[in-house]
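Please look over the sequence and the structure shown below before reading on. The notes that follow begin with one term and then go through the topics in turn.

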4 protein chains.
Amino acid sequence: MKIGMIGLGKMGYNLVLNLLENQHEVVVNDVNPEPGRELAGKGAIAAESVAELVGQLAKPRVVWVMVPAGPIVDGVLEGLSELLEEGDIIIDGGNSQYKDSIRRSETLGRKGILFFDAGTSGGMSGAQNGGCFMIGGDKDAFATIEPLFRDLAVENGYLYTGPSGSGHYLKMVHNGIEYGMMQAIGEGFEVLEKSAFDYDHEAVARVWSNGSVIRSWLMELTQNAFSKDPNLDEIRGVMQSSGEGKWTVQEALDLEVSTPVIALSLLMRYRSLENDTFHGKVVAALRNEFGGHAVVKED
Amino acid sequence: MKIGMIGLGKMGYNLVLNLLENQHEVVVNDVNPEPGRELAGKGAIAAESVAELVGQLAKPRVVWVMVPAGPIVDGVLEGLSELLEEGDIIIDGGNSQYKDSIRRSETLGRKGILFFDAGTSGGMSGAQNGGCFMIGGDKDAFATIEPLFRDLAVENGYLYTGPSGSGHYLKMVHNGIEYGMMQAIGEGFEVLEKSAFDYDHEAVARVWSNGSVIRSWLMELTQNAFSKDPNLDEIRGVMQSSGEGKWTVQEALDLEVSTPVIALSLLMRYRSLENDTFHGKVVAALRNEFGGHAVVKED
Amino acid sequence: MKIGMIGLGKMGYNLVLNLLENQHEVVVNDVNPEPGRELAGKGAIAAESVAELVGQLAKPRVVWVMVPAGPIVDGVLEGLSELLEEGDIIIDGGNSQYKDSIRRSETLGRKGILFFDAGTSGGMSGAQNGGCFMIGGDKDAFATIEPLFRDLAVENGYLYTGPSGSGHYLKMVHNGIEYGMMQAIGEGFEVLEKSAFDYDHEAVARVWSNGSVIRSWLMELTQNAFSKDPNLDEIRGVMQSSGEGKWTVQEALDLEVSTPVIALSLLMRYRSLENDTFHGKVVAALRNEFGGHAVVKED
Amino acid sequence: MKIGMIGLGKMGYNLVLNLLENQHEVVVNDVNPEPGRELAGKGAIAAESVAELVGQLAKPRVVWVMVPAGPIVDGVLEGLSELLEEGDIIIDGGNSQYKDSIRRSETLGRKGILFFDAGTSGGMSGAQNGGCFMIGGDKDAFATIEPLFRDLAVENGYLYTGPSGSGHYLKMVHNGIEYGMMQAIGEGFEVLEKSAFDYDHEAVARVWSNGSVIRSWLMELTQNAFSKDPNLDEIRGVMQSSGEGKWTVQEALDLEVSTPVIALSLLMRYRSLENDTFHGKVVAALRNEFGGHAVVKED
């Protein structure tokens with residue numbers, strides 16, 4: 001089918017390659033014209049504007065939005081809502097907060113535009129070669145876009161999840177689990193690193209990737225990482241985060257679900273952003289106050 | 001080659017099947033004669049005693065011990081040490097504490113018996129069809145037994161890890177990671193279970209098993225579990241543990257490594273063993289003391 | 001001075017006693033007429049309605065609102081805002097969310113009504129005999145109400161904290177710390193309870209209340225609780241919560257502050273509300289899947 | 001009474017002052033002669049050796065040992081056990097591991113020497129002016145030394161806790177709670193530090209020390225610390241630990257008690273010893289692997 005793709009960053013660009021590989025026609029647009037030009041050389045149709053992109057599509061139009069979560073999505077959707085018509089379809093494939101997706105679905109729904117929140121997992125390689133998609137929105141209209149997901153996903157790699165918001169919600173929780181798994185893997189290797197034995201991290205990640213209970217794509221990626229930098233000497237342990245882990249914890253708080261591992265995975269990421277902590281200063285000062293224990297002075 | 005297997009429980013039994021499938025001769029023994037008889041029907045040689053088992057082997061004899069961790073291992077090793085001779089080899093494939101393995105290696109080494117601690121992962125299916133093995137012990141002697149592991153493991157699924165203890169140490173940390181991963185998965189599904197959306201847990205586990213960042217054997221097993229009992233209504237959330245997670249945390253404490261996720265995974269297992277907690281009583285009583293907040297009375 | 005008090009629950013009632021003891025005139029009102037009648041017998045002036053209460057006060061009127069946090073506060077404030085005039089003062093002494101307090105201050109400020117958010121700590125006994133108050137709002141107007149706090153608080157027990165919201169914010173964080181302290185105390189006694197020694201919990205709490213590093217009002221209250229029920233056999237360890245701990249964690253997430261102890265204190269409270277957990281079921285099911293480990297069946 | 005004190009560090013020195021103030025005769029000894037000379041100027045009897053110290057005492061001799069926990073204690077006890085006789089008493093007032101105390105009690109008991117493990121809390125000021133003592137050992141013999149504790153402790157500030165080990169065990173758990181309380185306080189102030197409001201930390205600690213639910217000696221010490229260095233700019237947040245918190249967690253693991261807050265307080269101390277973490281590197285590398293997320297390079 002013919003589809004528009006707005007946003008040609010790491011994920012959007014690779015999704016377009018995937019769609020082209022699967023014989024879809026893709027009209028592409030990005031605020032930066034460069035990736036559109038590149039994709040034009042690989043079979044996509046580059047549109048210089050969102051209006052031009054919409055103009056290239058036939059009704060019911062299908063536009064996939066793959067831009068950074070937050071107000072940028074709202075901006076793109078506002079623009080699209082003026083260009084699209086009743087029965088047209090927008091797919092937000094980014095990492096939007098599910099409450100935003102519910103709101104956007106309602107807003108667009110008032111104009112008859114069908115909105116799908118499609119959580120996308122699998123990283124850049126998944127986007128290009130077959131990923132995992134969790135899609136919320138109108139069930140009947142899903143039939144229209146299901147062929148796209150059948151092609152973009154690996155086998156059994158897409159799921160219609162229910163009403164609007166349910167796709168991004170599921171992706172949010174997926175990322176919460178991902179945080180926990182990554183932290184668990186990291187902690188395990190830190191124990192190995194400090195142990196009295198002299199393990200080859202890459203070899204460990206390889207053997208754990210083959211036949212073990214913890215074999216997983218993340219473990220394979222761990223092996224990849226160690227194959228390039230055996231002790232990760234070149235990078236710092238600064239763990240950024242982009243929202244979904246935090247939202248999972250916030251949701252758990254609202255639902256009164258005890259999620260200590262996901263919560264701690266997030267809190268250790270925050271801790272990693274600091275060179276020193278105020279709570280540490282307070283505790284150190286207290287030890288000095290009651291016990292006369294030495295403190296480490298600032299330089 | 002020809003090998004003895006002592007201990008024919010869930011893991012030992014399946015390892016024997018695996019060895020037989022790979023054309024090894026296996027002399028088997030267990031305190032319970034039944035599994036030995038069964039395996040005899042599948043090509044193994046059943047020995048009625050450890051002495052008979054040892055008697056069936058040629059030097060250098062190789063005996064794999066697959067019995068429950070703890071004093072039972074010591075008992076079996078003491079018996080073997082009187083029957084075996086210099087140059088013979090014992091493999092402990094169970095979940096022994098690595099410090100015990102170091103001690104046992106030293107004790108047996110005084111008699112010239114070579115001891116290997118082989119951490120085994122992959123569950124029962126891995127034991128039968130190809131698992132993951134992490135083996136510590138004498139490097140030169142490892143060549144003698146390497147063919148066994150080449151056959152028992154999936155491709156790239158075994159690793160010589162270094163001196164005695166390093167195999168079980170690596171398996172210990174593997175299980176620590178496993179605890180963290182399982183708790184992360186569990187927490188994620190608990191959020192889904194309590195969410196306003198109506199997810200099909202099996203379908204979620206399936207889509208997450210295909211193409212997602214968190215695809216893993218554990219997620220496939222999660223799918224299996226939900227396929228049998230869609231909401232796990234039939235079981236209670238009692239999370240037993242068998243030592244390795246605790247040992248990982250103890251090791252982390254000794255190394256002063258901060259492992260919050262592995263530690264919390266363990267502590268939540270302990271919490272799951274209780275119907276009520278004393279700390280909860282204290283907190284509830286305190287809230288009543290200062291704020292007059294109602295407490296829940298015992299029946 | 002003369003002051004109105006709306007809300008005569010556990011805290012409001014005791015604050016009125018405290019004010020009366022300090023020679024203030026207090027006009028009281030509550031949706032339930034009973035406590036007002038009681039207080040009238042102790043020197044307060046019972047008003048049958050908020051309008052009557054306001055009518056009894058001279059300008060600038062000072063009304064203390066001590067009702068449950070949430071929409072009830074909004075309802076009371078809306079009623080008051082129609083009755084009060086420019087220059088009048090409202091104090092919210094409850095546990096309101098600080099963002100609500102900022103919003104309410106702005107709304108009332110448009111009518112010239114001065115709003116103070118007064119975090120109140122010390123429990124019922126503190127309310128009656130001298131508590132701790134953290135007050136945010138207009139600095140100049142604070143001088144008008146400072147005499148109240150000087151009388152209600154213990155020595156050095158009140159603080160003007162800055163602009164609107166800062167009082168309830170400080171109370172929120174106070175309660176976050178309180179959650180952590182209480183959980184720490186509870187955990188300690190749980191270790192003692194399960195230890196091989198046979199401690200007398202009340203005696204322990206008493207000795208820790210006298211001269212130790214952890215001496216604190218909470219430890220004294222722990223002693224009180226054990227003096228009434230030596231092993232807390234009569235109550236269940238269900239740990240309710242009323243918002244401030246959750247808000248502290250939410251705030252920490254927004255500020256990207258790592259607060260593992262406060263977060264876990266909250267999550268263990270949520271855990272205590274459950275007889276069983278879904279995460280536990282998932283983990284138990286997984287252990288069964290890969291290792292054949294027995295599960296505990298539901299009855 | 002007359003008593004020997006071996007070990008004149010921060011705690012021992014102040015205990016001697018306290019004993020002298022209470023009209024006891026104290027024979028003192030330390031590997032460093034300086035504090036003994038100082039104390040001699042204040043009424044103590046300085047002994048140049050342990051033998052001389054023992055020689056100054058009458059039977060039943062009472063010797064208080066106040067040296068760093070670990071092998072130094074064993075060394076001192078071995079020396080004493082050759083000098084003391086049946087019926088003599090040794091008090092270990094340090095932070096020894098309770099299992100060591102049980103062992104030492106048994107060893108000394110074989111010679112008829114009575115050993116008491118006396119957990120000491122209250123810091124240096126408590127040692128001098130009135131502290132908190134938790135004493136395990138022989139119940140009958142305790143009567144002999146009880147007058148010492150009556151004088152050294154604040155009112156209700158000592159407790160005979162039961163058999164050998166129970167005193168140091170209780171002190172261990174006390175310190176576990178202390179870790180949790182300190183971390184909770186630290187986290188609260190870190191939230192304040194990063195909040196949008198501009199709190200005066202010292203003023204906050206002062207108001208929380210007066211009338212609040214969290215009033216405590218630790219909060220008073222927090223106030224002291226901020227009074228000297230308002231934002232703790234002069235020190236780093238490096239949180240050392242000296243064993244008891246770790247032992248509490250180890251004990252909790254052995255008892256299968258879920259103690260998340262005490263455990264996390266300890267793990268955050270370990271985290272504070274690091275400038276960077278290996279687990280952080282692994283997580284950062286993984287985010288880069290699957291999502292192309294930027295990493296922070298090592299300088």
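A residue is called buried when its relative accessible area is under 20%, and exposed when that value is over 50%. This is a predicted model, and by that cut-off C132(D), with a relative accessible area of 0%, is buried.

**Cysteines**
- C132(C) has a relative accessibility of 0%, and therefore it too counts as buried.
- A disulfide is a covalent bond between the sulfur atoms of two cysteines.
- When cysteine sulfur atoms are required to lie within 2.5 Å of each other, the number of disulfides over all chains is zero.

**An annotated domain in chain A**
- An unreviewed UniProt entry lists residues 167-294 of chain A as "domain: 6-phosphogluconate dehydrogenase C-terminal".

**How chain B and chain A are related**
- Two copies of a chain are related by a rotation about an axis and a shift along it.

**The interface of chain B and chain A**
- Chain B gives 67 residues to the contact, and chain A gives 67 residues.
- The size of an interface is often given as the accessible area lost when the parts come together.
- Between chain B and chain A the buried area is about 5600 Å², and carbon and sulfur atoms give 77% of it.
- How many salt bridges does the rule find across the interface of chain B and chain A? The count across this interface is zero.

**How chain D and chain B are related**
- Chain D is superposed on chain B, with an RMSD of 0.0 Å, by a rotation of 180 degrees and 0.0 Å of shift along its axis.
- The C-alpha of chain D nearest that axis belongs to Q250(D) and is 3.4 Å from it.
- Here the same surface serves both copies, as 100% of the contact residues of chain D recur in chain B.

How values were computed
Residues numbered from 1 in each chain as written. Chains lettered and ligands numbered in written order. Predicted model: local features only at pLDDT ≥ 70, side-chain atom pairs only at ≥ 80, totals over all residues. Heavy atoms only, no water. UniProt positions renumbered as here; feature names shortened; annotations may be inferred. Buried < 20%, exposed > 50% of the residue type's maximum accessible area, 1.4 Å probe, protein only. Contact = heavy atoms within 4.5 Å. Buried area = accessible area lost by both parts, 1.4 Å probe. Salt bridge = Lys/Arg side-chain N within 4 Å of Asp/Glu carboxyl O. Least-squares fit on C-alpha atoms with pLDDT ≥ 70 in both.
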